[in-house]
Amino acid sequence: MRQLLLLIFVFFASQWLFKKLKRAQTAPGAQTGPQGAGATRASRGPAASGSVPQLPDPLVRCAECGVHTPSSEALVAAGHRFCCSDHARRYAGHPTGRDAR
Ligand SMILES: [Zn+2]
């Protein structure tokens, strides 16, 4: 019985710790009041109040199909960028496509 209580306590403690860590990450300044409601927007980086930080992601062109993909999702293979691993493989499979002739 005591073990169960301990487990519950650990669970709550870890949740509290996680929350605290998350808050520390989102508010590095630590100068925002408890009722600020995002009044100060000095830094428009990942410190936004939203859950998903929207970073400026430059688009890169896929060497195989020409589709523009965010650089964070793009694959880099042999100096070229691709939208997916399938295209990277297909590009490598080409007998040097445009440079052949
Ligand atoms: Zn592609």
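Ile8 counts as partly exposed because its relative accessibility is 40%, where partly exposed denotes values between buried (under 20% relative accessible area) and exposed (over 50%), computed with a 1.4 Å probe and protein chains only. The model is predicted: local features require pLDDT of at least 70 and side-chain atom pairs pLDDT 80 or more, whereas totals for chains, interfaces and linings use all residues. Residues are numbered from 1 along each chain as its sequence is written, and side-chain values use heavy atoms, without hydrogens or water.

Ile8 belongs to helix H1, residues 2-26, helices being DSSP runs (H or I) of at least four residues, numbered from the N terminus. Together with Met1, Leu4, Leu5, Phe11 and Phe12, Ile8 makes a nonpolar surface patch of about 690 Å². H1 lies largely in the open, because the number of buried residues among its 25 is zero. From first to last C-alpha, H1 reaches 36 Å, close to the 36 Å expected at 1.5 Å a residue.

Thr26, also in H1, is partly exposed because its relative accessible area is 38%. A polar atom of the Thr26 side chain lies 3.0 Å from the backbone oxygen of Arg23. The C-alpha atoms of Thr26 and Ser51, 25 residues apart along the chain, are separated by 9.4 Å.

One aromatic pair was counted, with ring centres required to lie within 6.5 Å and planes classed as stacked under 30 degrees, edge-to-face over 60 and tilted otherwise. This tilted pair joins Phe82 and Tyr91, at 5.2 Å centre to centre and 55 degrees between the planes. Phe82 is buried, at 1% relative accessibility, whereas Tyr91 is partly exposed, at 25%.

How values were computed. Patches are made of residues with over 30% relative accessible area and no salt bridge: like charges are joined within 9 Å, nonpolar side chains (Val, Leu, Ile, Met, Phe, Trp, Tyr) within 5 Å. Accessible areas come from the Shrake-Rupley method with a 1.4 Å probe; for residues, only the protein chains shown count as cover. A salt bridge is a side-chain nitrogen of Lys or Arg within 4 Å of a carboxyl oxygen of Asp or Glu. Helices (H or I, at least four residues) and strands (E, at least two) are DSSP runs, numbered from the N terminus. Rings of Phe, Tyr and Trp (its six-membered ring) pair if their centres lie within 6.5 Å; planes under 30 degrees apart count as stacked, over 60 as edge-to-face and the rest as tilted. The expected span of a helix is 1.5 Å times one less than its number of residues. A polar contact is a pair of N or O atoms within 3.5 Å; within protein, one must be able to donate a hydrogen and the other to accept it, and residues adjacent in sequence count only if both atoms are side-chain atoms.
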